[in-house]
Amino acid sequence: MALQPIKGKVVARQWYTKLTRHVAVVAALRPHPYVVQSRAFRSKRGTAYSKWKEATRPQITAALREAAIEPFPSNWVLGLAISAAATLSAPLGSPMTKKGAVDRRYVKSVRSWDSTDLWKAIEDLGNGIIWKDDNQVRAMGPGAFTDQSADAFALHAWGLPPGRGAPMWDEDWEDDSAPFTYDWLNTSI
């Protein structure tokens with residue numbers, strides 16, 4: 001994938017294959033698993049999720065605007081591929097052990113979180129900025145939630161105009177889709 005933002009940045013691009021419109025977003029930002037909104041105001045985890053969304057959505061919006069990408073029309077049916085990476089990390093204010101180290105129970109990575117919660121959180125980011133509502137997403141493409149070398153996530157949405165068929169995944173798109181690894185962000189190499 002040609003989109004390789006530097007740490008802390010988001011990039012986007014759009015292209016077409018025959019009648020299919022594609023939008024890819026790659027964010028060199030730490031992902032966050034989904035938290036049910038009704039719990040968001042009652043827990044530290046929910047508050048952290050809400051703050052993550054509030055901070056991340058404007059960055060994605062700005063990247064889409066910079067690339068002159070408009071949202072998919074609300075009557076399009078879409079497909080979506082998502083991947084994410086996250087290093088071992090503990091949130092600020094994590095409890096400490098008696099020896100002064102961070103309590104290991106609070107150290108999380110991409111492999112600590114439920115992959116469907118990561119998928120849902122990243123999918124929700126697109127609501128109102130890439131598509132009208134995530135209920136438009138009806139097909140899935142490949143993705144991975146295993147890379148612990150960097151903090152990043154990516155999505156690849158595709159769709160066809162109404163009446164043009166189902167937006168099924170095509171293996172020819174793999175090189176332009178959500179990356180499985182985020183090697184270019186790994187600073188320990």
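## Rings, charges and fold

Trp-184 is partly exposed, at 27% relative accessible area, whereas Tyr-182 is buried at 0%. Here buried means under 20% relative accessible area, exposed means over 50%, and partly exposed lies in between, using a 1.4 Å probe and protein chains only.

A quick word on the source: this is a predicted model, where local features need pLDDT of at least 70 and side-chain atom pairs count only at pLDDT 80 or more, while totals for chains, interfaces and linings use all residues. Numbering runs from 1 along each chain as its sequence is written, and side-chain values use heavy atoms, leaving out hydrogens and water.

Now the rings. You'll find eight aromatic pairs in the structure. One of them joins Tyr-182 and Trp-184, a tilted pair with 5.6 Å between centres and 50 degrees between planes. Rings of Phe, Tyr and Trp (its six-membered ring) pair if their centres lie within 6.5 Å; planes under 30 degrees apart are stacked, over 60 edge-to-face, and the rest tilted. Ring pairs also tie Tyr-34, Tyr-49, Trp-52 and Phe-153 into a cluster.

Two charges sit over ring faces, meaning NZ of Lys or CZ of Arg is within 6 Å of the ring centre and within 35 degrees of the ring normal:

| Charge | Ring | Distance to ring centre |
|---|---|---|
| Arg-13 | Trp-15 | 4.0 Å |
| Lys-120 | Tyr-34 | 5.8 Å |

As for the fold, the order from the N terminus is β-β-α-β-α-β-β, with helices (H or I, at least four residues) and strands (E, at least two) taken as DSSP runs. Of the protein's 189 residues, 46% are buried.
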